[in-house]
Amino acid sequence: MLTKLSGKARTRWLIVTIFAWFALVLWGLSYLLEQRLVWFDEKSQLLELGNNGELAQPLVTELVNKGFSVSGSVFHISSESCNCNWRSAGHTSSVKRQVTESGGRNYSIDIDQFSELKRFVPATPAIIMFNESSELIYLGPYADGAFCTAESSFVEALIPLVSMEEKAPEWINTVAKGCYCSV
C-alpha cells in the first residue's frame, strides 16, 4: 500500500499512524493505572469508628495487648498478598529511615498475622503514627495516587511529631484514592 502512495500521502499516513498508536498506548496506560485506584476506606468503616470515638483508645489497647509499645512509634501495615506493595516500597523505606533519624520506633506488621487490626485498618499499605505520649497522630495510607510516592505523601510532615510529647492533632485519613488492597 505504501509503495502506491505519493510522498506527501505516505508522510501523512505515517504521521496519522504514529499519533493513533501513541494515543492508544496512552489510553491503555491510563486505563490500567486508573483501574487499580480505589478508596482507602471504601466501606467507611474507619470513618465510622472515628466519628463514634471508638478508634484511638481501642487501637492503642489492641497494639499494647499484642506486645507493642505505642509511645513514639510508627506502625507500617502491609499484607503479603497485596499487589500494591511494590509501588510504595521505596516510599515506605524512606519513611522508616526518617522515623529512625527523628528518634521514633518502627514496627512492620503483616495484617494477615494480626487479624484483630483489620477492624482499624481497612486497606494496605497503611501507616499508624503515635507521639511520645501514645496519642494517635495519623492513621491512613502513606500517600495517594497510582504510585503512592513521596510526591503525594501524607506522612513526611508528621514524622517530627512522633518524638514529641505535646498534644498533636489526630488525622484519620479516609478520603485517599490510590493503589490499596482491602483487608
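# Chat about a predicted model

Visitor: Which residues is S79 in contact with, leaving aside its neighbours within four places in sequence?

Guide: S79 is in contact with N85, D110, I111, D112 and T124, once neighbours within four places in sequence are left aside. Contact means heavy atoms within 4.5 Å.

Visitor: What kind of model is this, and how are residues numbered?

Guide: This is a predicted model, in which local features need pLDDT of at least 70 and side-chain atom pairs count only at pLDDT 80 or more, while totals for chains, interfaces and linings use all residues. Residues are numbered from 1 along each chain as its sequence is written, and side-chain values use heavy atoms, with hydrogens and water left out.

Visitor: Back to S79. Where is it, and is it buried or exposed?

Guide: S79 sits in the loop between strand 2 and helix 4. Helices (H or I, at least four residues) and strands (E, at least two) are DSSP runs, numbered from the N terminus. S79 is buried, with a relative accessible area of 7%. Buried means under 20% relative accessible area, exposed means over 50%, and partly exposed is in between (1.4 Å probe, protein chains only).

Visitor: What do strand 2 and helix 4 make with strand 3?

Guide: Strand 2, helix 4 (residues 85-101) and strand 3 make a right-handed β-α-β unit. Right-handed means that, with the strands pointing away from the viewer, the path from the first strand over the helix to the second runs clockwise.

Visitor: How many bridges join strand 2 to strand 3?

Guide: Six, and the two strands run parallel. Two strands count as paired if DSSP finds at least two bridges between them. In this pairing, I77 has I109 in strand 3 as its bridge partner.

Visitor: And what holds paired strands together in general?

Guide: Strands of a sheet pair through backbone hydrogen bonds, either parallel or antiparallel.

Visitor: What order do the strands of the open sheet take?

Guide: The five strands are in the order 3-2-5-6-7, with mixed pairing. Strand 3 (105-110) and strand 7 (171-172) are at the edges with a single partner strand each, so one side of each is left without a neighbour in the sheet.

Visitor: In which sense do strands 5 and 6 pair?

Guide: Strand 5 (residues 126-130) and strand 6 (residues 136-140) pair in the antiparallel sense over four bridges. I128 stands opposite L139 in strand 6.

Visitor: Which helix lies across strand 5?

Guide: Helix 3 (residues 56-65) lies across strand 2 (73-78), strand 3, strand 5 and strand 6. Helix 3 runs at about 95 degrees to strand 5. Axes here are lines fitted to C-alpha atoms, for helices over the stretch in contact, and angles run from 0 to 180 degrees between N-to-C directions.

Visitor: Which residues of the largest nonpolar core touch the most other members?

Guide: Of its 42 residues, these are L59, L63, F75, I128, M129 and F130. A nonpolar core is a set of buried Ala, Val, Leu, Ile, Met, Phe, Trp, Tyr and Cys residues joined through side-chain atoms within 4.5 Å. Strand 5 gives the most to this core, with five residues.

Visitor: What does L59 touch?

Guide: Not counting residues up to four places away in sequence, L59 touches L117, F120, I128, F130, L136 and L139.

Visitor: New topic. How many aromatic pairs are there in the whole structure?

Guide: A search finds eight. Rings of Phe, Tyr and Trp (its six-membered ring) pair if their centres lie within 6.5 Å; planes under 30 degrees apart count as stacked, over 60 as edge-to-face and the rest as tilted. One of the pairs is F40 and Y180, which is edge-to-face at 5.4 Å centre to centre and 85 degrees between the planes.

Visitor: Where do F40 and Y180 lie in the chain?

Guide: F40 lies in the loop between strand 1 (37-39) and helix 2, and Y180 in the loop between strand 8 (177-179) and strand 9 (181-182), so the pair ties together parts that are 140 residues apart in sequence. Both F40 and Y180 are buried.

Visitor: What about S182, buried or exposed?

Guide: S182 is exposed, with a relative accessible area of 52%. S182 is found in strand 9, and touches E42, P122 and A123, not counting residues up to four places away in sequence. S182 and P122 are 60 residues apart in sequence, yet 5.9 Å apart in space, C-alpha to C-alpha.
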